[in-house]
Amino acid sequence: MTGRLTIPDNVRAIVFDVMETLIPVSKKGMAGAVAKHSDIPLFAKMIGVIQTISVDDATGLKKILLRLYAACRLLAYLLVYCTSAPVVWRLYKTGKRYREFMRGSITADEFFLEVQRRLALRLNQQQFFELLLKNLPPPDPVLLGLLAEAKSSGIKVAVLTNVDPVMLKHFHDSYAWWRELDAVVASCNHGVLKPTLSLFASAEEKLGESGACVWFIDNSPENTDAASKHFRWRTLLWDK
């Protein structure tokens, strides 16, 4: 979606989703960067088996395998990259432990242990999170422009998002506009994920606005449906 969005009449508050909406996170950026530092065990074992072949006593089948060694090693590392990027993405999109991390029910240490187990990373915890944050894309210019327009017009602005505490702190520390929000409702501070209704209720309470006076922008139909059905918010399904 490009261009400028028009704020509907009689809207007194705009509530934004963050991940994949206001911040257009992509597999190519975050997951691809981490995948380069992964040795998925299956392919690491394959390389290990090939490396046990001795050059000095190579005969017959071993000689044939040796001739294939360089090609197999290259293929293995290509497969590591191609398969680990989706694994990283699944950890962040649907992985059970990451959902627990976004609810605030496990720590960053506990989540990293799961990532390390699944991906055999050549990164420590600090390097892992720094790499993810470094590869976050900038905020969507259309939505950031809408946010700025709303603030300048006296319309309240909030975020309602499923997010882990590491990302949440990064957003607060990195973006001046974040620190000027009228309300932040983050899953990791409430112990539940969208579309749990208590999160929407918390946003209304913090904003002091409800019903059709609230405009909600999110990339998930499940979330926009909950907002419109249970709270009568106006909604925009963000599909860029």
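**Ground rules.** I am working with a predicted model, where local features need pLDDT of at least 70, side-chain atom pairs count only at pLDDT 80 or more, and totals for chains, interfaces and linings use all residues. Residues are numbered from 1 along each chain as its sequence is written, and side-chain values use heavy atoms, with hydrogens and water left out.

**Overview.** I found 11 helices and 5 strands in the protein; these are DSSP runs (helices H or I, at least four residues; strands E, at least two), numbered from the N terminus. Of the 240 residues, 46% are buried, meaning under 20% relative accessible area with a 1.4 Å probe, protein chains only. I then looked at contacts (heavy atoms within 4.5 Å): among those between residues at least 6 apart in sequence, 71% join residues at least 24 apart.

**L5.** I looked up L5 in the segment before β1 (13-16). Is L5 buried or exposed? L5 counts as buried because its relative accessibility is 14%. Leaving out residues up to four places away in sequence, L5 touches V142, L143, L146, E149, L236 and W238. L143 lies 138 residues from L5 in sequence, yet their C-alpha atoms are 7.9 Å apart.

**Helix α10.** In α10 (residues 197-207), I listed L199, F200, S202, A203, E204 and L207 as the buried residues. What do they pack against? Their partners are β1, β2 (156-161), β3 (183-186), β4 (214-218) and α11 (221-231). Just after α10, I noted G208 with a positive phi of about 70°.

Conventions: Buried means under 20% relative accessible area, exposed over 50%, partly exposed in between (1.4 Å probe, protein chains only).
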